[in-house]
Amino acid sequence: MTNRARLAVPTGLAAAFLLVGCSSDNDDSPQLNTLPGFITGEVQQQDYDGITDDLLTAGLGGSGLASATAPAFADSLNPTPAELRRLAIYTNYRALADMTADGGYGRLYGPQVGRNDDGLVAGSETLALATVPGANHPVTVMVQVPASFDIEQACMVTAPSSGSRGIYGAIGTAGEWGLKQGCAVVYTDKGTGTGSHNLMTNNAQRLDGTLSDDDDTPVLFRADLTDAERQAFNTSHPDRLAFKHAHSRDNPEADWGRHVLQSIEFGFYVLNQRYGKPHGDDGRTVVLTPENTLVIASSVSNGGGASVRAAELDDNGWIDGVAVSEPNINPTPDSSFTLRQGDGPVITGHSRSLLDYTSAIALYQGCANRAPAVRDDAPFNAALNDVGVNETTCAALAATGLVTGATLDEQATDALRILNDEYAIQPEQNLVAPSHYGASVAQAIAMTYANAYGEFPVNQPLCGLSLAATGDQGTVIPLTDAQEAALFATSNGIPPTSGVQLVYDQAAGAPTRLADAVSTSSGLADHGLDALLCLRSLVDGLDPVTGDALSAPLQAQAERVSSGIEAVRASGDLQGKPAVFVTGRADAILPINHTSRPYFGLNRRVEGDTSGLRYYEVLNAHHLDAFNAFPGFDARYVPLHHYYLQALDLVYDRLTTGAELPPSQVVRPQPRGAGAPALTLAQLPAIQPAPAQADRIHFVDNQVRIPD
């Protein structure tokens, strides 16, 4: 077998044999491939011919994925596993990419680009449930092996799901690149996923997405409640749902790195089942190991963060390189270095936790939406945000003293100032943030992660927030049978999603959808400000209005949350692996002064000159490329996905040819501009191997210096 040029050499075959559950390398008998002990239940495997169905597009092809018409179920109440898979792939692809031709789909990126067909990929797909010691619930792992996989040039790409998505949550990002490259792609839903549990019907999703109300059937997630506890909660809180990320009573983010490492180990098992030689009745021999297989840890957003954590934990050298986009990473705070963009202020308060900045955005952004600097120019501001609610939110915040100003304009401007100055959230994100607030992004993240960090049960709603379908007036109603049947395929795992909403149980009058809620303290429709203040109090352990100590029960909750946050902090030690981060400067979900920028600085502090990390910050790019398909976004922003694919190419070339990674730099693509004409490659300058000094990002004198 011809080995690749490998610059990050694993620790040896002994580690490889340990990886796939083999005998000691002192044993002269053939090394046998065994199923990893963390796999539970049945392993499901399916071959796809690349004509009627396939790995990458579920038979839809690149053109079918671009269609505005979603694939339908023959029976809306009883979809088949194949129908659920097809819709899940369609939904997840479209959630992460701009699927318009003018935006670049089908020309600059997409399944069909660089191929002579519509992007269908033949091969095998293997799924199973896995467990991590100490966790209450399983995670899903999946391995896709394309028919083009070459055992002589073996490669593997990790694809943990973005956001809280299910197992197909990275199909359009790491999945697309890896399968088109001929690599095996190993996926994990990293303990989040679309697993939901309808507490009224007792329905939950099996591995294939179909529903079961049988407590003894293996499912993605079922809340840890006795029948008596569930019935009592149904009586006090009817028609509620539990979601895996929020209510598993695990802190899955603390194990994201281990989940990715498990997916790699399962990947080697699947590959050796396929390519290993038969050995009597004992099984198959080991042919592929980390010694002779190139492994790139990849994905975007939460999936990118999970792959970074895996690289930090990779003591056996299973991972050769890292290529991630906009990673959700919580660097360990280190006050020994600062950040500075151009001649702007020196930022010392970097590395805030995800819950810290999302709870702040949830609290202040509703009022900031009315600031003169953004209210008329921010895309979707008017369409997604109720002007009246935003204005009463300003009034409620002013009444508490959290914002100042005699007029609405002054109060909204102060709210925006607080986010930009006090929380170090980049002003480049100001025009993107209103659309995300209108979609309840920060509110949903704050609620979900606070529950996960503190490992709170669903029947004790944290800060009075629960999950349910709601009607026209925002009041709780049952989720329809058709909606529930499709959840595996349509849900992003973090409500609001697929008809399930954030509900404020303590709203004035009755439990109400959070966006419509009237707080009892203000008597105003203020987006449930009381609930948002409660979430904010869990970050600092203080009353956010008075600064006073919390009540004993709330203080105990805050301490649990704090412990959970500490468990997800990243070390910054990538062990010298070649690594690339690409991040959009206008990211309004994971602010760069608390994620990519300080991780780059922390890595330099930890690894010094041995660091292999390069950081590329892309102007006119943000977190959710899918928004670029719409007016207002299309003229202003370019696809970050284009640079993510380039990052994978760069790391692959580094590992296979020894090519140097380009220095850290700011990349300056040109937006489409007025009328949003078709994006061209000329508007997307490549990451430069020798960027101008004015574009280089440096770590100098304990400061991350980023050009304007």
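Which helices each supply at least two residues of the lining of the largest pocket? They are helix 3 (81–96), helix 14 (441–454) and helix 19 (640–657); helices here are DSSP runs of H or I with at least four residues, strands are runs of E with at least two, and both are numbered from the N terminus.

This is a predicted model, in which local features need pLDDT of at least 70 and side-chain atom pairs count only at pLDDT 80 or more, while totals for chains, interfaces and linings use all residues. Residues are numbered from 1 along each chain as its sequence is written, and side-chain values use heavy atoms, with hydrogens and water left out.

On a 1 Å grid over the protein atoms alone, a pocket is an open set of points with protein on both sides within 12 Å along at least five of seven lines, a cavity is a set where a 1.4 Å probe fits but cannot get out, and lining residues have an atom within 4 Å of a point. Grid points are joined across faces, edges and corners, and a volume is the space filled by probe spheres set on the points.

The largest pocket has a volume of about 1100 Å³. Its lining comprises 46 residues, and Ala 95, Arg 165, Asn 492, Leu 624 and Phe 627 lie nearest the centre.

I turn now to the cavities. The structure holds four of 30 Å³ or more, and the largest cavity has a volume of about 120 Å³. Of the 17 residues lining the largest cavity, Gly 166, Ile 167, Thr 194, Leu 220 and Phe 488 lie nearest its centre.
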